[in-house]
Each structure stands twice: as C-alpha cells, then as structure tokens.
Amino acid sequence: MSAADAVTDSLNRMRAEFGDLPGGRPADYIPQLGLADPEAFGLALVSMDGHGYSAGEADVPFTIQSVSKPFIYALALSVLGLDEVSRWVGAEPSGDAFNAISLEPGTGRPANAMVNAGAIVTTALIPDTPGEPAFERILRCLGRFAGRELDVDEEVFTSESMTGDRNRALAYLIRATGTMPVDPVLAVDRYFRQCAVRVTALDLATMAATLAYGGLNPVTRDQVVSPEVAARVLAVMATCGMYDGSGEWLLRIGLPAKSGVSGGLIAVGPARFGLATYSPPLDTAGNSVRGQAALRALSERYGLHLMLNPALPGSTVSLVTTADDLPSAPSADHERVLHEKVGVVAAQGAIDFTAAERVLYALDESSPDGTGSVVLDLHDVTAVDSVALGMLHIGLGRLSSDGRRAAVVDPRDLLGPPDVVREGTGQDLPRYATREAAVEGSARALAGEG
C-alpha cells in the first residue's frame with residue numbers, strides 16, 4: 001500500500017461504477033473480434049513522470065485497431081513533413097462515421113487521418129525501403145510509443161482480411177481520384193496488419209502519455225517524435241478522433257481521444273497524463289460504451305478538461321529528501337539517526353490532479369524502506385483544488401494505514417480544518433509552522449519522546 005495508490009483507487013472506483021453498464025456489443029462483423037470477453041474492462045493511466053496505474057483487465061492483450069491511427073499519422077508527419085502529408089490527407093472533421101466515404105470534393109483527399117479512408121492513405125505514405133520495409137517501420141514506431149516490442153495477432157489479421165471489402169472499396173475509390181500513393185491491395189493489407197498489432201490498456205496509456213509529453217515516452221525517456229509533431233497529432237485527435245461525435249466529446253470530456261473497434265480508447269491530457277480503457281462492447285458509432293462513460297466521469301470529477309489550466313510538468317515537488325540532508329539537521333550521531341528516518345517532501349504552486357499525483361508519489365519515495373515518518377511541507381503551495389485535496393487526504397490516510405507517521409507544514413490550512421482532515425485521512429495530522437519544527441517533532445515522535 002502506498003500514498004500514490006490513491007490514483008489506482010480512482011480507477012478502481014470507475015471500474016466498479018461502470019463495469020455493469022449495459023449496452024453495446026463487440027464488433028462481431030470482424031469474426032475474431034466478436035469472440036472478445038464482453039465483461040472485460042480495464043483502465044490505465046500513465047503520468048508525465050512515467051508512473052503507471054491500472055485497474056481491472058489493463059494487462060489483457062487485444063488488437064489496437066483504429067487507435068493506431070494517430071501514431072501512424074505521427075510517423076508520417078515525422079518522415080515526410082506536414083506539407084507533404086497534407087497533399088494526400090486533409091485535417092478537417094468529416095462529420096461522418098469511421099468507415100464513410102469522406103473525400104474532399106475536387107481533390108479526392110480523405111477528410112482526415114482518423115477515418116478509415118484517411119488512415120489507409122496515411123499508412124500507404126510510410127516509405128517502403130529495402131533497409132526497412134514499411135510495416136517493420138510501422139511496428140517499430142508503435143513499439144517505441146508503447147515502450148516495448150509489439151507483435152501482430154495473425155488470427156485477427158486473417159479475420160479482418162476476409163471481411164474487409166468495404167476498406168478495399170474505399171482504397172480503390174481513393175485510387176480512382178489519384179490520391180492513393182501505392183497499390184490499393186498493398187495499402188489495405190498493410191493497414192489490416194497495422195490494426196492487428198497486439199497491445200494492452202497499459203500500453204495504450206503509455207502511448208497516449210508519450211503524445212501528452214511532447215513525443216517523449218515518459219517511461220523509456222525515448223523521444224519518439226518531435227513536440228511539434230505531437231502537438232499536430234493532438235490537434236487532429238481533438239477535432240476528428242471520435243468521428244462524428246468529436247465535437248460533443250471535446251465539449252463534454254475535453255480531451256483529445258481515439259477509439260478502436262476492439263474496445264480500446266485513449267485520451268490525452270497534454271502535459272498531464274495518458275489514459276486508456278479497454279471494454280469490447282461498442283455503441284453504434286464504434287466507440288466503447290464503458291470506456292466513454294468512465295473517461296467522461298474522470299474528466300468531470302477530476303477537472304481534466306483540456307481548457308482548464310494544468311500545473312506545469314516538473315513544477316510541483318521542489319524537494320524530496322531525508323531530514324538529515326537539510327542544512328539545519330543536527331550533527332550529533334543519535335540525532336542524525338533519528339532524522340535519517342524522517343522524509344521530507346516540499347511542494348509549491350497550485351495543486352491539481354496532476355500535481356497531487358506527483359506529491360503522492362514523492363511521499364512514497366521519501367522513505368526508501370517504506371517505514372519512516374514523513375513531513376509534507378505546503379509552505380510554498382498557493383492553492384489546493386477540491387480534487388487534489390481529496391487525493392492528498394486519501395494518500396496521507398494510506399501512509400498512516402501502512403504504519404508511517406505523517407506531519408504537515410500547513411500555515412494556511414490548505415488541507416482543511418482538523419475535523420475535515422481527520423475525516424479525510426482517518427487520523428489527527430500534526431501541524432507545524434516551519435519545516436524545521438515539523439522535522440524535529442516527527443523525529444521526537446519516532447523516538448517515542450512526544
């Protein structure tokens with residue numbers, strides 16, 4: 001048990017609340033996808049610091065399907081540049097279903113890279129060279145976003161190939177307009193194989209977090225694409241990622257998102273996190289019923305809408321150390337031993353969901369063996385919103401349940417009056433006016449002196 005498990009608790013609550021939500025059915029028009037467990041429901045979140053949280057069937061493998069589209073669009077932009085890609089694929093919302101004939105009058109360009117027509121062209125744009133065949137480049141790109149090597153589910157690939165006549169018809173229609181750069185049969189075969197790449201919800205959360213972090217994978221620290229490419233992909237996801245429901249999605253949930261017919265769904269909080277869900281039952285638009293409900297609830301309850309100002313990455317936690325490392329720590333050996341067992345976490349600025357997650361993780365890091373006391377210094381914190389307040393209360397309560405003493409420097413009562421803190425954490429939290437006083441008080445309490 002750890003303070004940061006408060007984030008996992010939130011995901012578990014979403015799973016419990018929406019796990020029995022009725023409606024929808026797996027995409028049985030692709031026979032292999034119709035065999036998926038309709039009860040499976042996994043959620044995952046990856047933060048900008050590379051911390052992963054999950055609930056339910058977040059480790060169950062499934063095929064990526066249309067969730068691959070933004071990442072291959074990112075690859076095409078990286079290899080060819082925006083101007084060249086825009087010659088072949090537009091960036092306007094289609095207002096149509098994912099498999100509609102959405103071609104620009106006069107040019108024949110697909111409306112955007114998120115609908116099937118545009119995704120087939122985008123995939124066809126990836127260069128095919130003797131040194132690196134196009135699909136190997138696609139698979140390697142998806143793996144870099146996920147932070148691990150991925151593979152293809154050959155049974156799903158075969159199933160899609162046998163039932164994908166509409167996509168073949170789209171490819172031939174695009175070719176007739178002069179905007180298909182390769183043979184339609186080759187293009188669609190490559191696209192089917194791309195859609196059959198196997199991932200988990202945790203993989204998708206890492207991929208989404210990479211876009212959120214300006215193209216830098218927060219787990220592997222690999223710069224997969226440039227910040228400019230990541231920003232452009234998120235712009236198209238925001239306006240086109242949920243097909244003909246994209247406007248309503250952006251209005252109500254406020255996060256760039258992309259769905260897939262296997263039940264995967266990702267959402268991106270720029271400079272905050274990557275979110276993913278997996279639940280096979282789909283609505284008539286081809287989007288996961290439970291996934292949409294859970295992400296909407298998370299956005300509303302935790303203030304995740306894109307238009308709300310997030311905390312700057314890396315700006316929240318200013319210090320994670322032991323008391324012995326502080327300049328004012330006593331030098332006597334017996335005092336030093338006590339102080340080494342007291343961790344100190346100092347925060348600053350305004351605390352929201354993302355900032356609170358950083359603080360909770362830092363509280364866990366402050367004691368390498370997980371047994372010492374900890375001081376949370378809020379002296380330089382200017383505000384704590386209601387979502388972050390609840391998370392901090394839960395996290396501090398978890399520390400207490402795990403046998404660790406906690407104290408706070410909270411001169412402005414940001415955590416609330418004593419009765420509110422007691423209700424939220426299950427404990428009477430000692431408060432001090434200064435960090436030094438809190439460290440000394442914690443050390444004495446640890447030694448049984450007060």
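**Entry 1: two loops**

I looked up Ala271 and found it in the loop between strand S6 (264-269) and strand S7 (273-278). Helices here are DSSP runs of H or I with at least four residues, strands are runs of E with at least two, and both are numbered from the N terminus. Ala271 has a positive phi of about 65 degrees although it is not a glycine. I noted the background: most residues other than glycine have a negative phi.

Before going on I wrote down that this is a predicted model, where local features need pLDDT of at least 70, side-chain atom pairs count only at pLDDT 80 or more, and totals for chains, interfaces and linings use all residues. Residues are numbered from 1 along each chain as its sequence is written, and side-chain values use heavy atoms, with hydrogens and water left out.

I then turned to Gln65, which sits in the loop between strand S3 (62-63) and helix H2 (69-80). Gln65 also is not a glycine and has a positive phi, of about 50 degrees. Is Gln65 buried or exposed? Gln65 is buried, because its relative accessible area is 2%. (Buried means under 20% relative accessible area, exposed over 50%, and partly exposed in between, with a 1.4 Å probe and protein chains only.)

**Entry 2: the whole protein**

I counted 17 helices and 12 strands in the protein. Of its 450 residues, 56% are buried. I also looked at contacts, meaning heavy atoms within 4.5 Å. Among contacts with a separation of 6 or more, 72% are between residues 24 or more positions apart.

**Entry 3: helix H16**

I looked up Thr425, which lies in helix H16 (residues 418-425). Thr425 counts as buried because its relative accessible area is 8%. Which backbone oxygen lies 2.7 Å from a polar atom of the Thr425 side chain? That oxygen belongs to Val421. Leaving out residues up to four places away in sequence, Thr425 touches His393, Leu396 and Gly397.

Val420 is in helix H16 as well. Val420 is partly exposed, because its relative accessible area is 32%. With residues up to four places away again left out, Val420 touches His393 and Leu415. Val420 and His393 are 27 residues apart in sequence, and 9.3 Å apart from C-alpha to C-alpha.

**Entry 4: two helix pairs**

I compared axes, which are lines fitted to C-alpha atoms, for helices over the stretch in contact; angles run from 0 to 180 degrees between N-to-C directions. Helix H5 (residues 134-146) and helix H9 (residues 201-212) have axes that come within 7 Å and cross at roughly 85 degrees. H5 and H9 are therefore roughly perpendicular to each other. (Under 35 degrees is roughly parallel, over 145 roughly antiparallel, 65 to 115 roughly perpendicular, and the rest oblique.) H5 contributes Leu142, Phe145 and Ala146 to the contact, and H9 contributes Asp203, Thr206, Met207, Thr210 and Leu211.

Helix H1 (residues 5-18) and helix H12 (residues 289-302) pack at about 130 degrees, with axes 10 Å apart. H1 and H12 are therefore oblique to each other. The H1 residues in the contact include Leu11, Met14 and Phe18, and those of H12 include Ala294, Leu298 and Tyr302.

Definitions and conventions
Polar contact = N/O pair within 3.5 Å; in protein donor to acceptor, adjacent residues only side chain to side chain.
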